[in-house]
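Morning, everyone. I have one structure to go through today, and I will keep it short. Please look at the screen.

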Amino acid sequence: MFGHILNPTGKRSPHKILRKKLIGDIKNDDPLVVAREENERLAKFEMLKHRGKGPPKKGQGRHAVKRNK
């Protein structure tokens, strides 16, 4: 009922095309959005590092520990 279009003649309608999401991506176009997301990502890693949950230094990860045994 809701979200449906009445089409008694059976002709082609642009309704299906208009329902689709837009193709353009606003993230890639606006440098302010990209900069804000980068700052949020860095702040998240900083929080994880303070809790001791950050990524290990290069060469000290799980695979390197297995190799040294």
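This is a predicted model: local features need pLDDT of at least 70, side-chain atom pairs count only at pLDDT 80 or more; totals for chains, interfaces and linings use all residues.

Residues are numbered from 1 along each chain as its sequence is written, and side-chain values use heavy atoms, with hydrogens and water left out.

Confidence comes next. pLDDT is the predictor's confidence in each residue, from 0 to 100. The chain has a mean pLDDT of 82, and 90% of its residues reach 70 or more. Confidence is lowest in helix α2, residues 26-29, with a mean of 68, and highest in α3, with 92.

Now the fold. Helices (H or I, at least four residues) and strands (E, at least two) are DSSP runs, numbered from the N terminus. The chain has four helices and zero strands, in the order α-α-α-α.

How many residues does α3 have, and how far does it reach? It has 20 residues and reaches 29 Å from its first C-alpha to its last, close to the 28 Å expected. That expected span is 1.5 Å times one less than the number of residues. After α3 comes Gly52, with a positive phi near 80 degrees.

On to the salt bridges, meaning a side-chain nitrogen of Lys or Arg within 4 Å of a carboxyl oxygen of Asp or Glu. There are two in the structure. One joins Arg36 and Glu40, at 3.7 Å from N to O. Both residues lie in α3, residues 31-50, and are four residues apart, about one turn of the helix.

Another joins Arg41 and Glu38, at 2.9 Å from N to O. These two also lie in α3, three residues apart.

Are Arg41 and Glu38 buried, exposed or in between? Buried means under 20% relative accessible area, exposed over 50%, and partly exposed in between, with a 1.4 Å probe and protein chains only. Arg41 is at 38%, so it counts as partly exposed. Glu38, at 34%, is partly exposed as well. Of the chain's 69 residues, 4% count as buried.
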